[in-house]
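Visitor: I'm new here and would like to learn how to read a structure. Could you walk me through one?

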Amino acid sequence: MSEAQLPIIQAIGVSQEYKLPRTSLFGKHPVLDALKEVDFYAMEGESVGIVGESGAGKSTLTRILVGMEKPTSGIFKFKNQDVWSSDDEFQHEFRRSVQMVLQNPRSSFDPRMTIAQSLLQPLKGLKIGGNHQARINQVLEQVGLGQDALKKYPYEFSGGQLQRVAIARALIPNPKVLIADEPVSALDVSIQAQVLNLLNDLVKDLNLTLILITHDLSVVSYVTSRVAIMGHGKIVETGTPKFLFQNPQSEITRSLVDSVLTVGKGIEGESLF
Ligand SMILES: Nc1ncnc2c1ncn2[C@@H]1O[C@H](COP(=O)(O)OP(=O)(O)OP(=O)(O)O)[C@@H](O)[C@H]1O
Ligand SMILES: [Mg+2]
């Protein structure tokens, strides 16, 4: 396989165990298997979904994919290099290249900082040179916001606008991979599609790899072309959203499809039904 055909990001046989508090004074720590030998990858420029019910292990996998947690076992690769045994220079490139957008933009910004200060932070933290002001202006434009946003504080924005600012902050270091953990589930249904459209446009314009994590199959069918279904710490099934909707193989996928049907058409206009 040539380099171009290798995944840009890949988990191979990744398991994550969490030690739980002891139930007796001299007993062992019980262990929770949050991930069990998970294989997952995304190619450059690809949009992949991870879907599963609450507690399936989605956020645990996300934390591994952004390098916040080291897996108990298995290998985590970026650009075909083992991240956890790479040198400082590569780890710096990895941290700059893989950025995350979280569910709730209100809790992911410091309320005492202006947007300008918040957007400057990743540039300073990652010691990125160049014209910071120009970079911030460019990214604000990419997410559809004007420079008047810079002097404002987080409370002055609606949820949807603040999620745009969160996406801008993730884009500031010029990442290759954007990982979005439930990016629209805290937002009004009426603005969910706008934020998903923005992600779609950014993926195309910037040739980003997008990993979109959600509990809602209709959200991934709007944005991604391949979906991994998670349940109980494992990936139980993968396929195109359409295939998974029409031919769910596992019980877990069937129940996710049913829950979309119960909330009606999913995102208006883009439902597969
Ligand atoms: N730091 C931790 N310590 C102990 N257990 C944890 C920790 N983080 C997650 N877990 C457990 O691991 C399992 C998977 O959790 P995770 O947050 O990855 O699920 P999720 O699919 O993201 O769920 P949700 O849809 O509710 O966000 C759960 O049983 C959770 O309680
Ligand atoms: Mg989660």
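Visitor: In which helix does Ala 166 lie?

Guide: Helices (H or I, at least four residues) and strands (E, at least two) are DSSP runs, numbered from the N terminus. Ala 166 sits in helix α5, which covers residues 159-171. This is a predicted model, where local features need pLDDT of at least 70, side-chain atom pairs count only at pLDDT 80 or more, and totals for chains, interfaces and linings use all residues. Residues are numbered from 1 along each chain as its sequence is written, and side-chain values use heavy atoms, leaving out hydrogens and water.

Visitor: Is Ala 166 buried or exposed?

Guide: Buried means under 20% relative accessible area, exposed over 50%, and partly exposed in between (1.4 Å probe, protein chains only). Ala 166 has 4% relative accessibility, so it counts as buried. Across the protein, buried residues make up 49% of the 273 residues.

Visitor: Which residues is Ala 166 in contact with, leaving aside its neighbours within four places in sequence?

Guide: Contact means heavy atoms within 4.5 Å. With those neighbours set aside, Ala 166 touches Val 101 and Phe 109. As for Leu 187, it is 21 residues from Ala 166 in sequence and 13 Å away in space, C-alpha to C-alpha.

Visitor: And how many helices and strands does the protein have?

Guide: You can count nine helices and ten strands. The C-alpha trace spans about 50 × 50 × 50 Å along its principal axes.

Notes. Chains are lettered from A and ligands numbered from 1 in the order in which they are written.
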